[in-house]
Amino acid sequence: MAAGTAHGVWSQERIVLALAALLFVAAAIFLPGFRDIGNLISIVHSVSVLGLLAVGMAIVIIGRGIDLSAVAIMAMSAAWYLQLLNDGWSEWQALGTAGAGVLAIGLVNGFLIAYADVPAIFATLATGSFVFGFVRSRLITQDAIPVPAGNWLEQLGGFHPLGIPPEVFIFGGACFIAYLFLRFTKWGRYVYYMGDNLLAARNMGIPVRPMNLLRYVISAFIALAAGLLTASSLHSMNTRIVNSTLLYDIILVVVIGGIGLSGGKGGMRNVIVGAILIGIMQNAMTIIDIPNLYQNLIKATILLIAIVIDSLVNPRDEQTAQQGDI
Amino acid sequence: MQPVIEMRKMTKAYRGVPAVKDVDFTLMKGEVHALLGENGAGKSTLTKIMAGVVEATSGEMLHNGQRVAFANPHEALQNGIAMVFQETSLVPSMTVAQNIYLGEEKFLNRLRGIYIAAQQFLQSLNFSVDPTASVATLGAAKRQMVEIARAVHHKADVIIFDEPTATLTPEEKRHFFALMRRLKASGVSIVFITHALEEALSHADRISILRDGELIETGLAAEFDRNKVVRAMVGRALTGEIYNRRRQAPDLRRRGRQILSVRDVSMGSMVRNNSFSIFEGQITGIFGLVGSGRTETFKIVSGIYKRDFLRGGEIEFDGRPVRYNVPVHAVRDGIVYVTEDRKLEGFFETMSIAENFYSGPLAADLTRSSVVSFAEMREIAADWSKRLDVKAINDNARVVELSGGNQQKVVIGKGLAQRPKLVIFDEPTRGVDVGAIAEIHRFINQLADEGLAVVVISSYLPEVMNLSDRILVCRQGRVVEEISPVEATEEKIMFAAVH
């Protein structure tokens, strides 16, 4: 069959971008205060930690997988790091130790998935719970660990070049580096090949198991960065965040931006588009003063609509589109 | 004879591109009607319209004189039109019997009852399938049988077979055609799509040939011969017919250096003490029935499967003993396996032709650097598209949008772009149209002429006999006989494969 004209124009990414633009215009016209430059910055600010986590999740999902331990790693590694600092460890010792812990968890995730053949969803669910339980019970003393006075994280939190918070730069930088990695390095291309057809990738000599390790280690370190960033802006790390809906918001950003859970497609553009849509929505809903419960409901509805539109506009192939999976 | 199905001016377009154009097709009561054509000619689309799987863009269809338009396959089935798919549509986790009776379970569904009924039913069809086995454990051939049994069970008066024999062994094919004759005798009308021209010529009453979505010719099978069919399919006479050439002693290639030696290799019950050697500069044909361990043996050679740890035998490649745990090492050493199942483990379907070709050098570490160069990618893609004559609008077309023959060329190209010393083709022309078969064969011959060690695994005897410089026959997990193609006959090879 000839190359489709339809799917080029209406990819999910564009639908979401159009939706975000529509929301943006509507909010700018109808909501008081939305257009303030301060508010616009706060929109991006509010999604930059989420977006950063979504960068790691996207790298995992594009290569066919999922990392449900991301939020646990983010909260617990940052909390442990702060605890070590509060216990009087030096900066480098604390960072090195927490970093080693994060590396270990990333490797365990990758090992379970690549070498022990455990489905990613179970492996990371289990390691996430383990990390939370172990760190909370053995390594830290309370739910929320404060940032010690005078620490670099405190200074980072107060550092606002051009009036823009540091999270925005870090999110942008992470997207750019991940973009370069995925698009221009051999290993980045391996991620796409694996996500598209794992068996074919393996048979033709792509080192799929080391690549699995690499992806989950990258995801774990991005989670650590997101944790430190959260701590710097809130001046503490509250580990209760593990039990929030943050994890689902990450997946929401990735999927709504158009990165299919089946792998092999999408990129950093999709993460940015997804994050911006969620940011605008949350901001608008907060200005209108919609209760949190309903915010979640609305987000869920939009996610469903995006997925349905995607599968209608971009069927996997003609046969399944016509007859479903018979 | 009266017509069961009449299609008039049937057209189906995908995104504006017609797959079937103004086709008038008539199926008579109790006839076996073969549908021939290259891949992408519109055979599948036409029959899917008939079976309610896809909706026609325009045109009308009469079933027993009534105007019908089926919205889904279920509706068609209720009207007595069943389609047996190429890619099976069974529920893998259920048993054979449950699959046959799928959708008509009673409120109290007693398994014992349906097992007994299924047993008798399968026996009446002469199919040796265990009704209590779960479908996931069955091989391709047996799944096909279950699929056929299901259609027969639904008492369809029109049954459409989409390449029913592609995965069957010769023995099973005989059973299948006997069954087809019995169905026909009981008044069932049959449409069957096939790539094997001999099957159409010897088992069909009438033959219709499609090309580029249009009906080129319909007529009694007796009025056709191979050449006429091929001419109608490809729109030209093929120069140097593919399978009518007999290998003569002088044009066999001499064996070069021994590159692979396999001694007593074993893997479970699939491969047992298998020993043979492969040489450079010639084509070694491997023939064996389904379950003879031929694919498994070469998957061990290329590191996809692991041989037994204890008493697994020895493999020497390029003068060095090897034991590959993962395909990476085999590929880096220069062994490339071109799969028999390109959809499952061959190409990357969401990606462009260029990216598929480029995956080869990228995986084998043959690119200029670890930084991806899109210029290099275009270069490689253009080079291989040209060498293999891949027909596509451009290199950015996605591989799923290509015909089977062109997909196969892409899979071959991305393997050869890894610059192998030994290349293993597993069923290189399965599901590939006649024109592309000739091109792929020419290409394989050229590789051997250039001095490469080439292995061709095939269950199609004429292919093995015409392509090979030596023929190894596999049975029960090992190579049992070596036959020279000069003295080989189909009977001789088959005899070695089954006894």
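Predicted model: local features only at pLDDT ≥ 70, side-chain atom pairs only at ≥ 80, totals over all residues.
# Briefing on chains A and B

Residues are numbered from 1 along each chain as its sequence is written, while chains are lettered from A and ligands numbered from 1 in the order in which they are written.

**A:Tyr81 and its surroundings**

- A:Tyr81 sits in helix α4 (residues 70-86) of chain A; helices (H or I, at least four residues) and strands (E, at least two) are DSSP runs, numbered from the N terminus.
- Beyond its neighbours within four places in sequence, A:Tyr81 is in contact with A:Ala94, A:Leu95 and A:Ala98, where contact means C-beta atoms, placed from the backbone, within 7 Å.
- From the C-alpha atom of A:Tyr81 to that of A:Ala284, 203 residues apart along the chain, the separation is 35 Å.

**Chain A as a whole**

- Chain A has 15 helices and two strands.
- The radius of gyration of chain A is 20 Å, which agrees with the value near 20 Å for a compact globule of 326 residues; the radius is taken over C-alpha atoms, and the globule rule is 2.2 Å times the number of residues to the power 0.38.
- The C-alpha trace of chain A spans about 65 × 55 × 35 Å along its principal axes.
- Of the 326 residues in chain A, 48% are buried.
- Among contacts in chain A with a separation of 6 or more, 80% join residues 24 or more positions apart.

**Helices α3 and α11 of chain A**

- Helix α3 (residues 37-62) and helix α11 (residues 208-234) of chain A pack at an angle of about 175°, with their axes 8 Å apart; axes are lines fitted to C-alpha atoms, for helices over the stretch in contact, and angles run from 0 to 180 degrees between N-to-C directions.
- That angle makes α3(A) roughly antiparallel to α11(A), as angles over 145 degrees count as roughly antiparallel, under 35 as roughly parallel, 65 to 115 as roughly perpendicular and the rest as oblique.
- Residues making this contact include A:Leu52, A:Gly56 and A:Ile59 of α3(A), and A:Tyr216, A:Ile222 and A:Leu229 of α11(A).
- The contact of α3(A) with α11(A) divides into 14 nonpolar, three polar and one charged residue (Ala, Val, Leu, Ile, Met, Phe, Trp, Tyr, Cys and Pro are nonpolar, Asp, Glu, Lys and Arg charged, and the others, Gly among them, polar).

**Where chain A meets chain B**

- Chain A brings 28 residues into contact with 38 residues of chain B.
- On the chain A side, α9 (186-196), α10 (198-203) and α15 (318-323) are the elements that give two or more residues.
- That side of chain A comprises 12 nonpolar, nine polar and seven charged residues.
- Helix α9(A) is mostly covered, with nine of its 11 residues buried, among them A:Arg189, A:Tyr192 and A:Asp196.
- The buried residues of α9(A) pack against α3, α8 (166-184), α10 and α11 of chain A, together with α12 (353-363) of chain B.

**Domains of chain B**

- Chain B is assigned domain 1 (3-234) and domain 2 (252-498), with bounds from an automatic or database domain assignment.
- The centres of domain 1 and domain 2 of chain B, taken over C-alpha atoms, are 31 Å apart.
- Each of the two domains of chain B gives 12 residues to their contact.

Key. Buried ≥ 20, exposed ≤ 12 C-beta atoms within 10 Å, placed from the backbone.
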